[in-house]
Amino acid sequence: MQKVYERPESMADVQMSYCPGCLHGTVHRMIAEVIDELGVREQVVGVCPVGCAVFMYEYMSCDMIEAAHGRAPAVATGVKRVLPDSVVFTYQGDGDLAAIGTAEIIHAAARGERITTIFINNTTYGMTGGQMAPTTLLGQKSTTCPTGREAMREGFPIRVCELLATLDGPIYLARVAPVNAAGLVKTKNAIKKAFQKQLEGRGFSLVEVLCNCPTQLKVSPIDSLKWVEENMVPYYPLGEFVDR
Amino acid sequence: MAERVLMKGNEAIVRGAIAGGCRAFFGYPITPQNEIPECMSRLMPKAGGVFLQAESELAAISMVYGAAAAGVRTMTSSSSPGISLKQEGISYIAGAELPCVIANVQRGGPGLGNIAAAQSDYFQSTRGGGHGDYRTLVLAPWSVMECYTLTAEAFDIADEYRNPCLVLLDAVIGQMIEAIEIPDWKPKVPPKPWTTTGAKGRPANVVNSLYIIPSDLEEVNNRIQARYKHAAEHLTRAQSIRTEDADVVLVAYGCSARVCRSVVDMARGEGIRAGLLRPITLYPFPTREIDALAERGKRFLVVEMSSGQMVEDVRLAVEGKSEVRFYGRTGGVVPAPAEIVEQVKAMAKASSGSTTVNRQPTTVN
């Protein structure tokens, strides 16, 4: 009998705590697959965020560091600078990366740190209960903008890839949406490319993954995927922003 | 024979750190500690280490967290307002049981304060500084020589206790130049099986300060507290100068201890038997040494460049057995020896006429 599907070696054999339909687990698995495919598991040091993915260190079977909210790129910098042969990635949500950790991500990118960031943009602070995120869409309701985000009150949502693309340090920036079959394939490919770019040792790489949060959107998992496609993709266009 | 050189306190911090095995420095400019990152940027690459100027103090201490997790001896430095910013990272480093060294060249506060020497970060330094049940181990040099040796030793201490170790000085100690003898220094580096360096030939390691189950976190806190208890037994250090026959014992550290060293001689010149107890470790605090002096009837005058912070630890050590007075100057003012001699004289006079124990601090000018 031929085995066609198995748990990647870089993934721990534990149950995840994510809500039904959440894409965190899917993206975790893709990262683990990429690490396996590149044969770098024993060189990997991952840095996980504060937020729903805070327990990522329990789900991966590679060395992991839990960072303070927003500081993952600085922690990753500390690791990579003293262990230049390691493969270092950060996994960060939108509140973590685009609000409290804005300085850290911009400067890690500007320095061209040889690290890879997987940026989960789901427009909400999922773990703390659905508060407004820096990427919450205009008009989108949250527990801290209950009448919907208004530009002149809460400001505009931040397009991270476009922002970082103005810098010279990044060598790969892509936005993907694993909300359908094609999107899943493109997401995996982008993550793999981002890690490969790190191995080239020329600069910073980041993949922004548009994700769902069915719990905070208060819709079914299937509808939450449609929501990403219909509402997020028009504001956050997909594609590769930097590839050099 | 050891090499004898002229050196600034801040430069001695750098050279001591490199001798102590530091191979990664992450900093951010702030006066009066700028010579530390500047000197590091020249010397650290020569030592085969990493120097990086971070985008903020928050980032610098987080880089220290990462480098410490990767098993490398690492440090950062700053001055008071910058150290406040680092408290987030220091708490995480303590919670994750990582070693690192932080130098604080104290300046006047609160707020932006000024760039003159002060000792008003004593509470922040010795009580932990950030959130949660932890302390930083605190070494307080009073000379350029000690800037070198205590910084070198701080790395051994941080590794032994898997806890941040703070070198607490001030603008005077950091900026002054003295001749020092460069000692031979051999760092004591323990094995570090917990590092995140890539899971090669071993199970994956996790560096973390999150323990979602309360009893798990309590266990970690108990482990951390046990280390502090061990430190109190084995790490506490103080220098006694002419305390043996003293009636009045001055208690001071760092810059103010240097002033008090002169005060001892001046007071004795006027027939008052004064001595100086200089805590070298501020945490753990030399409680036992002070208690022993109190038991022998010594009275204490605590001198600080603050409105009275260390004096609380002295009172806790004395436990009302003897008189404890306080004299302090703030805002970056260094007390003149003559001011302190007046305080010592007033104390000597009070004791000849009365045995009343005055537990209140004297008025600060």
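In what sense do strand β1 and strand β2 of chain A pair, and over how many bridges? The model is predicted. In it, β1(A) (residues 44-48) and β2(A) (residues 63-66) pair in the parallel sense, over four bridges. Val47(A) has Ile65(A) of β2(A) opposite it.

**The sheet**

Helix α1 of chain A (residues 24-38) packs on the sheet and touches β1, β4 and β8 of chain A. Helix α8 of chain A (residues 181-200) also packs on the sheet, touching β3, β4, β7 and β8 of chain A. The directions of these helices relative to a strand are listed below.

| Helix | Residues | Reference strand | Angle between directions |
|---|---|---|---|
| α1(A) | 24-38 | β4(A), 116-121 | about 165° |
| α8(A) | 181-200 | β7(A), 170-176 | about 165° |

The sheet is open and has eight strands, in the order β9(A)-β7(A)-β8(A)-β4(A)-β3(A)-β1(A)-β2(A)-β9(B), with mixed pairing. Strands of a sheet pair through backbone hydrogen bonds, in either the parallel or the antiparallel sense.

Between β7(A) and β8(A) the pairing is parallel and runs over six bridges. Arg175(A) has Glu208(A), in β8(A), as its bridge partner. Seven of the seven residues of β7(A) are buried, so this strand is largely enclosed by the rest of the structure.

**Helix α10 of chain A**

Helix α10(A) covers residues 221-235, which is 15 residues. At 1.5 Å a residue it should span 21 Å, and because its end C-alpha atoms are 21 Å apart, the model agrees with that expectation.

**Chain B as a whole**

Chain B holds 12 helices and 15 strands. Its C-alpha trace spans about 75 × 50 × 45 Å along the principal axes. A compact globule of 365 residues would have a radius of gyration near 21 Å, and chain B has 21 Å, which agrees. Of the 365 residues of chain B, 57% count as buried. Among contacts in chain B between residues at least 6 apart in sequence, 79% join residues at least 24 apart.

Technical notes
Residues are numbered from 1 along each chain as its sequence is written. Chains are lettered from A and ligands numbered from 1 in the order in which they are written. This is a predicted model: local features need pLDDT of at least 70, side-chain atom pairs count only at pLDDT 80 or more; totals for chains, interfaces and linings use all residues. Helices (H or I, at least four residues) and strands (E, at least two) are DSSP runs, numbered from the N terminus. The expected span of a helix is 1.5 Å times one less than its number of residues. Two strands pair if DSSP finds at least two bridges between them. Two residues are in contact if their C-beta atoms, placed from the backbone, lie within 7 Å. Axes are lines fitted to C-alpha atoms, for helices over the stretch in contact, and angles run from 0 to 180 degrees between N-to-C directions. The radius of gyration is taken over C-alpha atoms; the globule rule is 2.2 Å times the number of residues to the power 0.38. A residue is buried if 20 or more other C-beta atoms lie within 10 Å of its own, exposed if 12 or fewer, and partly exposed in between; C-beta atoms are placed from the backbone.
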